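Hi there,

Here is the structure I promised to pass along. Have a look at it first, and then read on for what turned up.

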Amino acid sequence: MFRYNLFLAGEVFTLHINLKKTAVFVIIFEYNTEKELMIDMEERIKKVLVERVNPILADHYGGATLSKLEDGIAYVRLTGACASCPSAQETIENVIKAEVMANVEGVKDVILDTSLSEELLDMARRILRGEEKL
């Protein structure tokens, strides 16, 4: 089964081609909304991170997660030891961006997300209010 995204007259279609043993072609056109394509792209990026990137980063006691996807730009947060590594930007460029761009069609860029997670901010607020102790 082969799958290609086609961009025709501003619309996006997915072309599915199924090659049968008898050399009969089954072609299916599937209309996709932009939201469906972003969800599909998001899932493919996550799969690349889990299957191809995280095993590499695990050797350094770290990992990577997709924090958001906007306009074809993937924002990736490093976890574990990789989160505080001085080479984090190089890891994004040389490992993560290379893998994602090579394996997920339509990604325009991969950027290191250095923002604080809401979980961390919520924990800090609880500590400051005295609701939680260190």
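**What I found**

The protein chain exposes about 9300 Å², of which carbon and sulfur atoms supply 57%. Please keep in mind that this is a predicted model.

Starting with the overall layout, the protein chain has three helices and six strands, and along the sequence they follow the pattern β-β-β-α-β-β-α-β-α. Of the 134 residues in the chain, 28% are buried. If you take the contacts between residues at least 6 apart in sequence, 36% of them join residues at least 24 apart.

Next, the inside. The largest nonpolar core has 21 residues, and those touching the most other members are Ile45, Leu49, Ala64, Leu78, Ile96, Val100 and Val110. Two or more core residues come from each of α1 (34-58), β4 (62-70), β5 (73-80), α2 (88-103) and β6, with α1 giving the largest share, six residues.

Now for the surface. In soluble globular proteins, nonpolar side chains tend to be buried together. Here, though, Leu116, Leu120 and Met123 make a nonpolar surface patch of about 270 Å². You will find Leu116 in the loop between β6 (109-112) and α3 (118-128). Leu116 counts as exposed because its relative accessibility is 52%, and the cut-off for exposed is over 50%.

Best wishes

Key: Residues are numbered from 1 along each chain as its sequence is written. This is a predicted model: local features need pLDDT of at least 70, side-chain atom pairs count only at pLDDT 80 or more; totals for chains, interfaces and linings use all residues. Side-chain values use heavy atoms; hydrogens and water are left out. Patches are made of residues with over 30% relative accessible area and no salt bridge: like charges are joined within 9 Å, nonpolar side chains (Val, Leu, Ile, Met, Phe, Trp, Tyr) within 5 Å. Accessible areas come from the Shrake-Rupley method with a 1.4 Å probe; for residues, only the protein chains shown count as cover. A salt bridge is a side-chain nitrogen of Lys or Arg within 4 Å of a carboxyl oxygen of Asp or Glu. Helices (H or I, at least four residues) and strands (E, at least two) are DSSP runs, numbered from the N terminus. Buried means under 20% relative accessible area, exposed over 50%, partly exposed in between (1.4 Å probe, protein chains only). Contact means heavy atoms within 4.5 Å. A nonpolar core is a set of buried Ala, Val, Leu, Ile, Met, Phe, Trp, Tyr and Cys residues joined through side-chain atoms within 4.5 Å.
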